[in-house]
Structures are given as C-alpha cells and as structure tokens.
Amino acid sequence: VQSLVKHYPVASQGLRRGRLVRAVDGISFDILEGETLGLVGESGCGKSTTAHMIASLVRPTSGAIRYGGKSTAEAKGSEQRALRREIQLVFQDPYASLNPRHRILAVLEEPLRVHRLGDQRTRRKQAEEMLELVGLDASFGRRYAHELSGGQRQRIGIARALMLQPRLIVADEPVSALDVSVQAQILNLLKEMQRKFSLTYLFVSHDLNVVHYMSDRVAVMYLGKIVEIAPVDRIYSSPLHPYTQGLLALIPGKRQESRGGRTASGSGAFSRPLLLGEGLSELPATKEDGPRTFSEETSELMAPRSETTNPTALTGEMPDPVSTPSGCAFHPRCPWAREGCRQAVPPLQEAGDGHYVRCFLP
Ligand code: SF4
Ligand code: MG
C-alpha cells in the first residue's frame with residue numbers, strides 16, 4: 001500500500017462546500033505473505049476505509065495498492081477476476097452481509113456461481129465441505145441466516161469468504177458484533193483456517209486484546225494516518241507513540257509499573273491476560289455458550305488492579321476528520337505536545353527492528 005488517500009467531499013449542510021473528510025490521509029505499509037497485520041484505532045480513524053480499498057470495495061482518491069507486485073487499479077479482465085477471488089472480505093455484521101432469503105448452502109454456492117466455477121453438483125459439494133470445515137454440520141445448509149446465532153452466522157461469513165480459495169482475507173471487525181464468550185471461538189476458527197489454507201490476514205479491530213491475540217505485526221491509525229507500526233510484541237511492550245501508549249493505558253486492569261510518564265510495559269497486562277484461546281481447541285466448535293476461560297479471563301482483566309490514574313491514559317475525543325488539527329494531528333490530546341508539534345507533520349521514522357513511529361519525540 002503506497003501513499004493511499006481517500007477523501008470524501010462533505011455532504012452535510014452548514015459546512016462550507018469543498019471541504020473534505022480525510023478518511024485516509026496518505027498511508028503506506030506492506031502486508032507480508034502468511035502474516036496477520038492488525039490494523040487498530042478508534043472508530044472513525046479510517047481503518048475500515050483502508051480495508052475496503054484493499055478489498056476493492058472503495059476506490060482510492062490517490063495512491064496505489066499492489067498485490068503480488070501488480071497495481072490493483074490497473075488490473076483488467078482475467079487479472080481483475082483473479083484479484084477479486086484472491087482477496088476476500090469478512091464483515092463485522094454477518095447478518096447484514098448474508099442474503100436473508102437464501103438457504104445457507106445457496107449463500108455459500110453464490111460466489112462460485114458468480115465466478116462461474118464448477119457445475120451445480122461440485123458447487124454443492126464444496127459448500128457442504130466448507131460448512132463442515134467451519135464447524136457446522138450439514139443440517140445448517142438448509143437453514144436461513146435468521147435461524148442462526150451470531151457466532152454461527154460469522155462462521156458462515158468466514159465459510160463464504162473461503163469458497164473462492166482466497167489468499168488474502170480482509171477481516172473488518174469480525175468479532176465486535178459477537179458476545180465475548182463467542183469471540184474466542186471465531187478468532188480460533190480464523191487462526192485454524194489461516195494455518196490450513198496458508199492465508200494472509202489484514203485484521204481490522206478497535207479491540208487491542210483481540211488484535212494482540214491475532215496479529216504478527218500491528219499498525220495503529222489515528223485520523224487517517226498510521227502513527228506506529230511494529231511487530232506485535234514490540235508495540236505492546238514498548239509503544240513509542242503517545243497515542244499508542246494512551247490506548248494501551250486505557251485497557252482496564254493494565255498494571256501500573258510506575259507513576260512516571262511512560263506507559264507500563266514489559267511485564268504488564270499483555271504478558272499474561274491474553275488467554276483468549278486457552279483450552280478452546282478441544283471444545284466442540286459449535287458450542288455457543290462454550291468455554292468459560294475467555295469470559296473469566298475478561299472479567300479478571302476488567303477488575304481494576306490499581307487506584308492510580310495513568311498520566312499517559314488517552315483523554316479527549318478524536319477530532320472531526322473534516323477539520324484535522326495542524327501539524328501532528330494528535331497534538332490536542334498529546335501530553336508531550338510542544339510548539340513545533342502544532343506546525344509540522346512528523347514523518348514516519350524507523351526506530352529499529354521494523355518499528356516505525358510518527359512522532360517528533362518518540
Ligand atoms: Fe505528541 Fe508532538 Fe509526538 Fe505529536 S509529534 S505525538 S504532539 S510529541
Ligand atoms: Mg469500522
């Protein structure tokens with residue numbers, strides 16, 4: 001992804017014409033084959049728009065997306081069809097994305113029909129096999145989406161995405177509409193499918209625990225820009241951007257190591273409470289009220305462990321992306337902001353070992 005930009009004209013009344021929502025404001029990053037890149041940030045930071053551009057649902061204003069070395073915007077004909085097969089999207093709300101009038105088997109066969117792959121019998125067979133792979137028995141094939149639980153629907157959402165044998169899955173908040181007790185099962189299913197089919201994931205979420213569990217590398221977005229990107233352990237143990245530090249300090253129960261300015265790190269919460277997947281693999285895949293581990297761990301996580309307030313904890317609201325602050329867009333919320341931060345945009349600079357940060361004072 002190179003210098004990707006998506007600006008929308010402002011449509012609402014009362015605002016001057018010609019103003020723009022800077023949803024994505026010039027981002028560059030790589031997704032490496034076989035990895036999971038987590039994309040994290042508050043709602044409205046541009047992460048869904050980024051995901052939708054990569055999945056060819058939204059056309060970029062400028063910049064380039066290259067897949068296997070080829071520009072996706074320039075792909076035509078068979079190249080474009082191959083691209084549409086190889087990059088698939090898993091949506092946040094599987095209910096909204098599944099046709100309510102079709103039985104599940106027809107929902108799964110549809111992508112094959114659209115791409116004219118196989119005859120009716122092979123399509124049916126592949127759909128039945130896929131149902132089983134995602135942990136649902138054959139009886140689900142005759143049901144409708146409204147007869148399924150949220151977790152079962154997301155299993156179908158994942159199955160449908162896999163029908164075309166994609167290589168890159170763009171998952172946009174795939175578990176945030178689900179009960180906490182079901183989230184771990186869906187995350188583990190995604191991991192299992194990744195191993196089985198050698199998939200690459202772009203995993204979009206506002207939930208730092210979920211992103212930590214899923215990702216090899218993590219990119220943090222703020223107001224349409226990537227402010228930090230690093231291997232997962234590095235970013236969680238030694239975040240360099242004040243925004244990342246603020247997000248991590250907001251996680252309930254994150255143990256305070258010091259009352260100083262820096263975020264608690266290293267042996268803080270992230271070295272242990274992330275047990276989302278613990279013991280889940282042995283459990284029957286369709287058991288919705290299933291494992292206690294995740295919810296127990298979560299309630300433990302939520303219990304405050306410290307009375308002290310962390311000076312790095314994120315405060316304030318994200319500004320409107322129509323009137324982005326000058327200079328470093330984070331400066332109104334940054335505890336370390338100084339005059340220069342209001343004037344110039346800090347570049348994304350390498351801090352070693354694949355760790356990049358967009359801050360004058362990392
Ligand atoms: Fe804070 Fe300045 Fe760094 Fe921006 S550049 S995050 S305002 S210290
Ligand atoms: Mg979103």
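Reader: In which sense do strand β3 and strand β9 pair, and over how many bridges?

Author: In this predicted model, strand β3 (residues 36–40) and strand β9 (residues 200–205) are paired in the parallel sense, over five bridges. Within that pairing, Leu 37 stands opposite Leu 202 of β9.

Reader: Which sheet holds them, and what is the strand order?

Author: They belong to an open sheet of eight strands, ordered β7-β8-β9-β3-β10-β11-β13-β12, with mixed pairing. Its edge strands are β7 (87–90) and β12 (349–350), each of which pairs on one side only.

Reader: What packs on that sheet around β7 and β8?

Author: Helix α6 (residues 150–162) does, touching both β7 and β8 (168–172). The direction of α6 makes about 170 degrees with that of β7.

Reader: Staying with β7: how does it pair with β8?

Author: The two strands pair in the parallel sense over four bridges. The bridge partner of Leu 89 in β8 is Val 170.

Reader: And the faces of β7, are they covered or open?

Author: Both faces are covered. Ile 87 and Leu 89 are buried on one side, and Gln 88 and Val 90 are buried on the other.

Reader: Switching to the three-strand sheet. What is its order?

Author: That open sheet runs β2-β1-β4, with antiparallel pairing. β2 (20–27) and β4 (62–64) are its edge strands, each pairing on one side only. On average, neighbouring strands in this sheet are turned by 20 degrees against each other, direction ignored.

Reader: How many bridges join β1 to β2?

Author: Six bridges join strand β1 (residues 2–9) to β2, and the two run antiparallel. Tyr 8 stands opposite Val 21 in β2.

Reader: Now helix α1. Why is it described as largely enclosed?

Author: Eight of the eight residues of α1 (residues 47–54) are buried, so the helix is largely enclosed by the rest of the structure. The buried residues are Lys 47, Ser 48, Thr 49, Thr 50, Ala 51, His 52, Met 53 and Ile 54.

Reader: What follows α1?

Author: Ser 56 follows the helix, and its phi is positive, near 60 degrees. As background, most residues other than glycine have a negative phi.

Reader: What is phi at Arg 116 and at Glu 173?

Author: Arg 116 is not a glycine, yet its phi is positive at about 50 degrees. Glu 173, also not a glycine, has a positive phi of about 50 degrees.

Reader: Where do these two lie?

Author: Arg 116 is in the loop between α4 (104–114) and α5 (120–133). Glu 173 is in the loop between β8 and α7 (180–197).

Reader: Is Arg 116 buried or exposed, and is Glu 173 buried or exposed?

Author: Arg 116 counts as exposed because it has 7 C-beta neighbours inside 10 Å. Glu 173 counts as buried because it has 21 C-beta neighbours inside 10 Å.

Reader: What about Glu 74, where does it lie?

Author: Glu 74 lies in the loop between β6 (70–71) and α2 (77–86). It counts as exposed because it has 10 C-beta neighbours inside 10 Å. The C-alpha atoms of Glu 74 and Ala 64, 10 residues apart along the chain, are separated by 9.8 Å.

Reader: On to the ligand. Which residues surround ligand 1?

Author: The shell consists of Pro 242, Cys 328, Phe 330, His 331, Cys 334, Trp 336, Ala 337, Cys 341, Pro 346, Cys 359, Phe 360 and Leu 361. By class, 11 of the shell residues are nonpolar, one is polar and none is charged.

Reader: What about the chain overall, how many helices and strands?

Author: The protein chain has 12 helices and 13 strands. Of its 362 residues, 41% are buried. Among contacts with a separation of 6 or more, 66% come from residues 24 or more positions apart.

Reader: What is the mean pLDDT, and where does pLDDT stay under 50?

Author: The mean pLDDT of the protein chain is 85, with 82% of its residues reaching 70 or more. Over residues 255–308 pLDDT stays under 50, and the model has 84 contacts beyond four places in sequence for that stretch. Where pLDDT is low, the predicted coordinates should not be read in detail.

Reader: And which ipTM and pTM does the predictor give?

Author: For the complex, the predictor gives an ipTM of 0.98 and a pTM of 0.84.

Terms used: Residues are numbered from 1 along each chain as its sequence is written. Chains are lettered from A and ligands numbered from 1 in the order in which they are written. This is a predicted model: local features need pLDDT of at least 70, side-chain atom pairs count only at pLDDT 80 or more; totals for chains, interfaces and linings use all residues. Two strands pair if DSSP finds at least two bridges between them. Axes are lines fitted to C-alpha atoms, for helices over the stretch in contact, and angles run from 0 to 180 degrees between N-to-C directions. pLDDT is the predictor's confidence in each residue, from 0 to 100. Two residues are in contact if their C-beta atoms, placed from the backbone, lie within 7 Å. A residue is near a molecule or strand if its C-beta atom, placed from the backbone, lies within 6 Å of it. Ala, Val, Leu, Ile, Met, Phe, Trp, Tyr, Cys and Pro count as nonpolar, Asp, Glu, Lys and Arg as charged, and the others, Gly among them, as polar. A residue is buried if 20 or more other C-beta atoms lie within 10 Å of its own, exposed if 12 or fewer, and partly exposed in between; C-beta atoms are placed from the backbone.
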